[in-house]
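Student: I'm new to this structure and would like a close look at one part of it. Could you pick a spot and walk me through it?

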Amino acid sequence: MRVLAIRGKDLTSLAGEFAVDFEAEPLASAGIFAITGPTGAGKSTLLDAICLALFNHVPRLASAASGQIGTLGAEMVSASDPRALLRHRASDGYAEVDFIGLDRGRYRARWAVRRARGRGDGALQNVVQTFTNLDTGLALGGTRTETLTAIRTKVGLNAQQFGRAVMLAQGDFNAFIDADSNTRAELLEKLTGTELYAHLGIAARRKADMLRQALADIEIRIAAQNGLDDIARAEAEERLVVTRAEHERTRAEVSAREGDRSWYSRADELAKLVDGADRNRAAADERSREAEPRRVALTQRRIAHSIVPAWRATVEADARVAELVKRIAVLGKAADAARASAIAASVRHEEDIGALVRAEAERERHKPEIEEARALDRRISEVTGSLTSLVETRVSAASQAADSAALHADAVKARDKATAQRDVLTRWIEDHRTRENLAARQNDLSADIEEHASQVEKAQNIERQRRSTGERITAARANCDKAETASALAKTTFEQSEASAKEAAVAVAAADDIAIAEQARDLLVAIEPRLLSYERALADLDRLELVDRATQEEKTGLEAALAGSEARRAEIDAALPVLQARHEETRRAAALSAAASDDAAERLRRALLDGEPCPVCGGRDHAVEALAGLIDGRADTDAARVREIDGEIDAFNRERAVLVERFDAASLRLTTLDVSLAGTRTAISSASDARNASLSALETALDACGIAHTPDASALRADITARVDAIDAQRRSHRETQDAARRTAQALDEARSALDRSAQTERATTQALRDLESEDTRLAERLADTVKRRDQLGSELDAGLSPHFDWRENRAPVTTLAQRVEEWRAQVQALAAVNAELPILTNATHEADVVRGRDAERLQAAQRIEQAAIQERDRLTSERASKLSGEPVATVSERLEVAVQAASRRTEDARAALEAARAEVTACETRHEQASGKPCSRGGRGYSPARHASSRTGGEEHRCYVDA
């Protein structure tokens, strides 16, 4: 991060607002600069402002003595509380820093604090911390904790890291300058936070010693293990190679036998399928013989079915003839009924025409009276409509008159009420006139009440603080005595530890030099891995030579087996064509025998007659007996021979497949063995080189230790173990001496630290006692000032408030004062409002009286007009009652019109029925003539137009002819 500007207000020695802009000249181009000035000029305050704005924390306050300090207000704050940096008697202050964060953005952090009610002696309020992105104007964070977290994210350091890496507290730097070398190292560790690495170094050294000892123990245990010697391990590896080769051969043999087993299993399955097919064919032949009678019966049914259509046509023709006879009889009856209906319809038509003429005459007779009644109805409707309007007008006038009277009464009542209220308010204000002065001084009196309460509470707090300070002074004096005693004891312990450390240093210097022994031990320990490497290389070489011999022997056996398999396969390949030719010849003979001896051929032979042609070849010389003698038993013999040759071919094929599979497996194994032999011989060469190299390394290690090389590995290991044990004993003795010296040095460090702590504690307790005594003096002075101010305020409040209420006994005097003043102001405002409203109410009463009289006159006029309209309506109604017997015009007109329309509809219906009856007569006679197939006379049967005419012209007959 990079600081751009520092701003603040009323912090410790800097009064008012201040600002330092690092982006403006001359600081913008100054590079490195110093902040200088006399004591109290505000140098540290600028740095404190940075820490306050960023972390709400000041490093130089963190090391302040524990306890509390008093401010101008009544409260006590902790000595490390950042709010204590607010300037004396300042009502508020702030610290503000503009900086560039890790993300290259520009930010502003602000710390602010204020006192209650903006007064210099008010209580300190909580700190307000804000954080703003200057590039976007957005506020970051919410609560103070969230805001501080956001600032730490952008700065990249917390308060402790900032105090160590960026800003070193003044007290810590002075202690660093004045301290000795040991204390300075401790201070550097404290300032830089590197004391952890000192502890890590001690822990790492202890861990290394533990690991070194554990390694030595492991090497001893490894040397003490009794494993297989080289000869036993070589024999075991040789047996393993032989066993693996035998396992591979056995697995190949099992695979070959598994193929044979599968072939035989498949052959059995196929044989079962053949037997099943033979049985199915025999069953099919048997079912064919059983179905022969059913086939003959089916042929007969087909012949009978072919004559069914002709029979059905004959039956249907007879049924149609009978139905036609019945239909002719029915049509004759229908024609007679139609003639009767036509006569009845003609009579009804003439009657309906007479009724229509009578209905029209009745309608014409009532027309004049209907017109007179309609005119009266219109006049009555007009009068009734106007009467409705007049009634509404009268009701409206009555309602308006009532409303006017009510408004007048309300106005009078409101005026009287306002007059009474004015009299009451005037009397109350005169009785409480003294409150006018109280209202004018309300703010001053309220402030004095609050200040008096604050002074009372402040005096009580100071008294409690003095009691607490007295107790703390007593405890501090006891702590001083204890610190002096502890300091003397620590000094004695330090002197004793210093003497012991000197003795231990002399003992360590006198100890034997262990470096040569350590080097010799390392050389001895290095021999064992080389010896083991040599032994392993020798064993590997022996094992590989054994594997090479076994592989060569297996290769020789496989080559012999391949030659035998190839010879047998050649024999099978030569024999198979001969067997296949024999099999084909035998199969054809068996097929001919089977064809000659099957059921169809047997039935054909039985059907042959001497001298008759054969249906197959047409020959007449059949020789059936001779043919039966030839084929008798031949089919079974040929079939058995075919199966025998099939078995031989299958056996050869199986054997050949096994030989091919074995040959392929042996060829693959032989290739694998060739590759394995090449790899093994390469490995033998490498193992021989490794053995020679390991032997050379072993001899070099032995020569370095002065040990003669011997082929007895056990004796060599015993000699090395004895030498290592002697060196380890020497190492343990030296380690014990070093541990003792280290413990002594550690005890000296602890004693020195205890001495420093006790001295620091003694100084701190003495300083704390002096601070407490000074604080008690300050508290006594503050208590006297507070009591004086409290009594002065009490006298002033007694003079101003006692005539109105007992403010000392009142729990909320400010509230009570506000209530008294508010009550006075409310009454004065109410009186002014009533005085302003009373003339308005008097004028409203007069206006309401005028409106009430006008509305009453309008109501009387409406009542007179309504009464005249009612009389006219009654006269017209009496006259209308004498017309149409009082019935409505619409009812009478509708009744007459309905009668005419009904008569007209009946006339039309009768005419339509007459026409329909005549058409039905004609249709019935036509259908009857068509059904009977001969002409018919219509002159003498029922009613028809022709007969109606013949009755007037001499009985002329009409004849017609209809095709059948």
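Tutor: Happy to. A salt bridge here means a side-chain nitrogen of Lys or Arg within 4 Å of a carboxyl oxygen of Asp or Glu. Keep in mind that this is a predicted model. With that in hand, look at R7, E96, D98, R108 and R110, which salt bridges link into a network.

Let's zoom in on one pair, E96 and R108, whose side chains meet with 3.8 Å from N to O. E96 sits in strand β5 and R108 in strand β6, 12 residues apart, and the pair links distant parts of the chain. E96 is buried, at a relative accessible area of 8%, while R108 is partly exposed, at 29%.

Now for the setting. The strands belong to an open sheet of 5, ordered β2-β1-β5-β6-β7 with antiparallel pairing. At the edges stand β2 (14-21) and β7 (128-133); each has a single partner strand, so one side of each lacks a neighbour in the sheet. Strand β6 runs antiparallel to β7, and 6 bridges join them. R108 turns up here again: its bridge partner in β7 is T132. Helix α3 (residues 144-155) packs on this sheet too, touching β5, β6 and β7.

Conventions
Residues numbered from 1 in each chain as written. Predicted model: local features only at pLDDT ≥ 70, side-chain atom pairs only at ≥ 80, totals over all residues. Heavy atoms only, no water. Pairing = 2+ DSSP bridges. Helix = DSSP H or I, 4+ residues; strand = E, 2+ residues; numbered from the N terminus. Contact = heavy atoms within 4.5 Å. Axes fitted to C-alpha atoms, helices over the stretch in contact; angles between N-to-C directions. Buried < 20%, exposed > 50% of the residue type's maximum accessible area, 1.4 Å probe, protein only.
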